[in-house]
Amino acid sequence: TTSAALRAEVAQAGVAAEHAKRQAEAARQAMLQAQADAAEARAANEVALVDAKIKLDDARREAQQVLDDIDDLERQLADKPTLLRRFRDLVSRRLGKARLF
């Protein structure tokens, strides 16, 4: 009976060892999957970062264009009072002469 009990214990230990092997393999597969997921997430983050940088550069260019347009408009408006004043002077002189006649 001791040898039968010993064989039963050995068989039970074998079953437990197989179970432990399966658990270790499942853990290894989970670790590999986690590594693959992490690599995929890193790649996605890198793509998102590059995309965000491109959008930021585009926004900066657009903002600079708006600032340049504002500068151009300010220069044009700065010239307008002078042109408007000249026009008014010319009209006043002509109207003044017309009134004289």
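Helices (H or I, at least four residues) and strands (E, at least two) are taken here as DSSP runs, numbered from the N terminus. By that criterion, the protein chain has 1 helix and 0 strands, and Glu74 is one of the residues in helix α1, which covers residues 2-100. The model is predicted, so that local features need pLDDT of at least 70 and side-chain atom pairs count only at pLDDT 80 or more, whereas totals for chains, interfaces and linings use all residues. Residues are numbered from 1 along each chain as its sequence is written, and side-chain values use heavy atoms, with hydrogens and water left out.

**Overall form**

Taken along the principal axes, the box filled by the C-alpha atoms of the protein chain is roughly 145 × 15 × 10 Å. The radius of gyration is 43 Å, while a compact globule of 101 residues would have a value near 13 Å. This radius is taken over C-alpha atoms, and the globule rule is 2.2 Å times the number of residues to the power 0.38. Within helix α1, where Arg93 is found, Arg93 and Lys80 are 13 residues apart in sequence and 19 Å apart in space, C-alpha to C-alpha.

**Accessibility**

Residues are classed as buried under 20% relative accessible area, exposed over 50%, and partly exposed in between (1.4 Å probe, protein chains only). Buried residues account for 0% of the 101 residues in the protein chain. Arg93 counts as exposed, at 52% relative accessibility. The protein chain exposes about 9,200 Å², of which carbon and sulfur atoms supply 61%. Accessible areas come from the Shrake-Rupley method with a 1.4 Å probe; for residues, only the protein chains shown count as cover.

**Charges and salt bridges**

The protein chain carries 18 positive and 17 negative side chains, and the centres of the two sets lie 11 Å apart. Lys and Arg count as positive and Asp and Glu as negative, without His and the chain ends; the place of a charge is taken as NZ of Lys, CZ of Arg, CG of Asp or CD of Glu. Side chains of opposite charge can pair when their charged atoms come close. A salt bridge is defined as a side-chain nitrogen of Lys or Arg within 4 Å of a carboxyl oxygen of Asp or Glu. A search of the whole structure finds 6 salt bridges, including those tabulated below.

| Salt bridge | Closest N and O atoms |
|---|---|
| Glu18 and Lys21 | 3.5 Å |
| Asp51 and Lys55 | 3.3 Å |
| Arg75 and Asp72 | 2.3 Å |

Glu18 and Lys21 are separated by about one helical turn because they are 3 residues apart in helix α1. Glu18 is partly exposed, with a relative accessible area of 38%, whereas Lys21 is exposed at 53%. Asp51 and Lys55 are 4 residues apart in helix α1, which means a separation of about one helical turn. Asp51 is partly exposed at 37% relative accessibility, and Lys55 is exposed at 53%. Arg75 and Asp72 also lie in helix α1, 3 residues apart, about one turn of the helix; Asp72 is partly exposed at 34% relative accessibility.

**Surface patches**

Patches are made of residues with over 30% relative accessible area and no salt bridge; like charges are joined within 9 Å, and nonpolar side chains (Val, Leu, Ile, Met, Phe, Trp, Tyr) within 5 Å. Glu74 gathers with Asp68, Asp69 and Asp71 in a patch of negative charge on the surface. A nonpolar surface patch is formed by Leu84, Phe87, Val91 and Leu95, with about 350 Å² of accessible area together. Val91 lies in helix α1 and is partly exposed, at 30% relative accessibility.
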